[in-house]
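Here are my notes on this model, as numbered points. Have the coordinates open while you read.

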Amino acid sequence: MNILQIHQGILEYVRKRGFEAKFRKQCLIFAQNPFHPGLDTKLLEPSKMRIWSFRIDRKYRAIFIFRGKDTIEIIDVNNHYQ
């Protein structure tokens, strides 16, 4: 799976909160197997919007959309429990 270049604002959010290493690790796992059990990849509601997420850690998730069969764009990283 190919992950498009991540927006600078998202990278800054990740750096400021101190989970850059976790984020990179989860992106590597995602690139190898998007539905790895440790990622808990989910289609978000409403499902017709086709927006997905995968787990970075217990607190944060990456929100993404498919840009092609084997390409995604991470459009947000957020606190899952806000």
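**Notes on the predicted model**

1. Let's start with glutamate 20, which is partly exposed at 27% relative accessibility. Keep in mind throughout that this is a predicted model. The glutamate 20 side chain meets that of arginine 24 in a salt bridge, 2.9 Å from N to O. Both sit in helix H2, 4 residues apart, a separation of about one helical turn. Arginine 24 is partly exposed too, at 46%.

2. Glutamate 20 has another partner worth a look. Its side chain also meets that of arginine 15 in a salt bridge, here at 3.5 Å from N to O. Arginine 15 has a relative accessible area of 40%, so it counts as partly exposed.

3. Now H1 itself. Which of its residues are buried? They are Ile10, Leu11 and Val14. Looking down the helix axis, you'll find the buried residues of H1 within an arc of 100 degrees, so they line one face.

4. On to the largest nonpolar core, which has 18 residues. Phe23, Phe54, Ile74 and Val77 are the members that touch the most others. Two or more residues each come from helix H1 (8-16), helix H2 (20-32), strand S3 (52-55), strand S4 (60-68) and strand S5 (71-79). As background, nonpolar side chains in soluble globular proteins tend to be buried together.

5. If you skip its neighbours within four places in sequence, phenylalanine 54 is in contact with Gln26, Cys27 and Phe30, with Leu39, Asp40 and Thr41, and with Arg61, Ala62, Phe64 and Ile74. Two of the residues in that list, Asp40 and Arg61, come up again in the next point.

6. Arginine 61 and aspartate 40 form a salt bridge, with their closest N and O atoms 3.5 Å apart. Arginine 61 belongs to strand S4 and aspartate 40 to the loop between H2 and strand S2 (42-43), so this pair ties together parts 21 residues apart in sequence. Through shared partners, salt bridges join Asp40, Lys42, Arg55 and Arg61 into one network. Over the whole structure, a search finds 7 salt bridges.

7. Aromatics next: the structure holds 9 aromatic pairs. Tyrosine 13 and tyrosine 60 make one that is edge-to-face, 6.2 Å centre to centre with 85 degrees between the planes. With tyrosine 13 in helix H1 and tyrosine 60 in strand S4, the pair links distant parts of the chain, 47 residues apart. Tyrosine 60 is buried, at 9% relative accessibility.

8. Phenylalanine 35 and tryptophan 52 are also edge-to-face, with ring centres 5.9 Å apart and 75 degrees between the planes. Phenylalanine 35 is in the loop between H2 and S2 and tryptophan 52 is in strand S3, so the pair ties together parts 17 residues apart in sequence. Tryptophan 52 is buried, with a relative accessible area of 13%. Ring pairs also link Phe30, Phe35, Trp52, Phe54, Phe64 and Phe66 into a cluster.

9. Some backbone points to check by eye. Where is the cis peptide bond that involves proline 46? It runs from glutamate 45 to proline 46, with omega near -5 degrees, and proline 46 lies in the loop between S2 and S3. Arginine 50 is in the loop between S2 and S3 as well. Although not a glycine, arginine 50 has a positive phi of about 60 degrees, and at 47% relative accessible area it is partly exposed.

10. Finally, back to aspartate 40, in the loop between H2 and S2. Aspartate 40 is not a glycine either, yet has a positive phi of about 50 degrees.

Definitions and conventions. Residues numbered from 1 in each chain as written. Predicted model: local features only at pLDDT ≥ 70, side-chain atom pairs only at ≥ 80, totals over all residues. Heavy atoms only, no water. Core = buried A, V, L, I, M, F, W, Y, C linked by side-chain atoms within 4.5 Å. Buried < 20%, exposed > 50% of the residue type's maximum accessible area, 1.4 Å probe, protein only. Contact = heavy atoms within 4.5 Å. Arc of directions from axis to C-beta. Salt bridge = Lys/Arg side-chain N within 4 Å of Asp/Glu carboxyl O. Phe/Tyr/Trp six-rings, centres within 6.5 Å; stacked < 30°, edge-to-face > 60°.
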